[in-house]
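Dear colleague,

I am passing on the structure below, and my notes on two parts of it follow. Please read them with the coordinates open.

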Amino acid sequence: MAPIAVAVPEPSHGKVLEAKPAVAASEDEVLAINTIRALGADLCQQFKGGHPGTVMGAASIALALWKYHMCYNPSNAAWFGRDRFVLSAGHACLLQYIMLHLAGYSSWTLHELKRYHSPNYGKAAGHPEIEYEGIEVTTGPLGQGIANAVGLAIAGKNLAATYNKDGYEIIQGKIWCFTGDGCLQEGVGQEAISLAGHLALDNLVLLYDNNSVTVDGTIANCFTDDVSAKMTACGWHVLDVYDGSNDVAAVSAALEAAKTSTAGKPVFVNIRTVIGVTSRYAGQGRIHGQALGDDEVAYVKAQLGFRPEDKFAVPPKVYDFFADCKTRGQKAEDEWDALYAAYGKAHPELAQELASRIKGDLTGWEELVPPKSELPTAAQPTRKSSGIMVQALAPRYRNFMVGSADLLESTFVSWPGMVEFQNPKTGLGDYAGRQIRYGIREFAMVAIGNGLAAYQRGMFLPVMSTFFMFWLYAAPAARMSSLQGLRFIGIATHDSIGIGEDGPTHQPVALSSFYRSMPNFNFVRPADAEEVMGAWQIALKAQDTPSLFALSRQAVPLLPGSSRDGVAKGGYIIHSTTESDTPDLVLLATGAEVARAISVADALAAQFSVRVVSLPSLSHFDAQPIAYRHATIPPTSLTVAIEAWSSLPWARYAHAGAHMHTFGLSAPQEKLFDVFGFGVDNLTNMIGGWAEALKEGNGYRIPRVGEFTELLNGYYQPHH
């Protein structure tokens with residue numbers, strides 16, 4: 001039953017496999033490896049889909065990790081003291097599912113494995129999903145898993161520096177991440193690798209399944225980096241394995257060296273493998289992401305010593321081989337429990353705090369939110385108002401891991417006495433610090449935040465900031481936050497043409513449409529300091545939903561009618577020139593445009609009865625009862641939206657709108673509002689003229705669906 005390797009010449013990625021290497025594996029190991037390979041071939045063929053190649057080529061890596069080196073308890077997947085595993089190459093999920101089954105996770109039955117790619121779908125999804133036992137994070141979009149693993153490693157280092165004491169190393173788990181060629185090509189992977197090296201995260205091990213093949217075939221077509229040299233240059237300790245498909249002893253020795261490394265760096269293990277080993281398609285792109293076909297599955301199983309007609313065969317000896325995973329895991333947990341109990345007696349206050357954080361408690365924060373009467377009365381940017389909450393909460397709760405993509409002061413996420421999360425040897429901070437300098441790495445910042453949030457739900461609340469425009473870079477990671485139900489608080493400042501002289505490259509006009517349309521996501525654009533308090537309250541109450549605040553660069557007044565309770569409902573009446581329940585005109589606005597809408601309402605008051613509604617969160621407003629929504633925006637009133645972004649969502653709420661129809665310009669912000677038609681006088685004339693044209697007798701003709709009027713379309717005239 002000896003496996004057979006096939007040479008894949010990729011000199012740029014180091015030494016390659018010989019055609020028939022010397023196999024360094026015991027008889028039991030060979031049987032287990034071949035069982036994993038045959039099972040992978042059968043499971044993909046059953047519904048004619050999936051990724052068999054990595055299952056076959058990397059089976060030795062998986063065996064060495066789950067059998068010998070990773071610390072976990074299959075009987076309690078949520079054991080806090082465990083190592084954590086991230087499959088960044090999420091398409092190889094079948095390998096992880098098979099290992100969870102063989103290691104003894106009760107929910108990962110053979111029946112569950114057989115549902116892989118099944119119409120009767122179950123846990124064995126096309127990529128790993130966080131809600132299932134043994135899965136730490138959802139992965140699939142390549143590269144993000146590496147960043148997630150960096151976040152998990154930061155969490156572990158911070159907890160260890162905060163809570164470990166002499167003789168009581170209660171936080172010591174490793175973070176293992178499995179990656180392939182694709183993740184190392186993605187920019188987010190490289191961003192995270194760079195930061196991990198800078199931070200010297202020596203609790204992180206990155207296992208590189210270097211099979212030199214992707215969907216399109218050999219990576220010699222596009223990727224000829226000397227990866228080991230690059231990783232060394234990025235501050236990683238590099239280990240090499242030259243026959244990872246067969247030489248279990250070499251793989252195991254490398255994992256042991258990684259686990260016990262004293263280099264003070266994250267460890268990168270470059271393991272050369274043959275994708276689809278034992279198949280006649282080994283080393284080819286076709287075996288990466290499609291079933292082998294009945295004939296080829298039969299051939300592979302015969303090569304591995306299995307009868308082709310025996311489907312999904314797992315010999316009893318293989319279960320026996322992995323049986324000690326459960327006993328070893330339970331022993332490790334029992335020993336940790338005893339250490340934790342002793343720690344509680346020696347350091348009761350720290351133990352109590354840690355226990356509270358393990359539960360996800362964040363009690364008492366409500367008392368730290370200042371009432372409106374204590375907010376600054378002078379006009380100030382909403383980004384500065386958000387800083388009030390950062391300074392109130394971050395010093396008090398260690399749950400908050402705050403950081404910025406090179407805009408710490410500009411986004412107001414600093415606080416007096418803060419310590420940076422840094423390698424202590426740099427003199428810039430230490431691992432107990434909670435201000436992370438992400439550098440200019442917006443995508444990695446949010447993907448790392450997902451790892452922080454996933455370490456233990458509620459234990460960490462990442463706060464991450466940059467200009468709103470650069471949340472476009474971070475959008476794929478924010479999407480994964482929503483998908484997984486991982487909470488973060490995002491600070492998106494300089495949120496419109498109000499950024500001014502930085503020009504159209506930095507002025508977002510359409511980005512809000514993405515964030516507003518995303519499921520399970522709180523996108524809030526507050527109008528003043530009071531609404532900022534409401535936005536923070538939404539975010540802090542949302543246990544399983546990320547939040548992003550779009551905040552102004554320019555100063556806005558504290559509005560008399562603003563209400564944090566109104567923010568919780570997504571929209572509310574903030575100003576009115578009439579006592580009528582059905583005014584002639586309703587002006588809808590968000591953010592800095594709310595104060596502008598109020599000025600317009602007052603200017604129109606001589607002609608019309610006018611109400612102004614602030615709508616900081618459309619998703620929260622949509623969730624209100626229809627009676628409330630109609631009471632706020634009466635169906636019989638003419639309604640106009642004012643927002644210096646694109647008009648995409650507003651036809652759902654209004655009959656007309658004043659919005660951006662081009663990119664911005666580089667000029668002082670107040671000049672830009674006039675140039676694009678948002679001056680109070682122009683809006684007053686535009687809205688008044690539009691409403692006057694709809695007058696019919698003693699009332700107004702209410703436009704029907706499809707009659708949304710773009711009041712500012714064509715208003716801006718470029719000058720040269």
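L587 stands opposite V612 in strand 18, and strand 17 (residues 585-589) pairs with strand 18 (residues 610-614) in the parallel sense over five bridges, where pairing requires that DSSP finds at least two bridges between two strands. Helices (H or I, at least four residues) and strands (E, at least two) are DSSP runs, numbered from the N terminus. This is a predicted model, in which local features need pLDDT of at least 70 and side-chain atom pairs count only at pLDDT 80 or more, while totals for chains, interfaces and linings use all residues. Residues are numbered from 1 along each chain as its sequence is written, and side-chain values use heavy atoms, with hydrogens and water left out.

Strand 16 (residues 572-576) runs antiparallel to strand 18 and is joined to it by four bridges, with V613 as the bridge partner of I573. Both faces of strand 18 are covered, since V610, V612 and S614 on one side and R611 and V613 on the other are all buried (under 20% relative accessible area, with exposed over 50% and partly exposed in between, for a 1.4 Å probe and protein chains only).

Turning to helix 17 (residues 471-484), its 14 residues should span 20 Å at 1.5 Å a residue, and the end C-alpha atoms are 19 Å apart, which agrees; the expected span is 1.5 Å times one less than the number of residues. Among its buried residues are W471, A474 and A478. Just after helix 17, G485 takes a positive phi of about 70 degrees.
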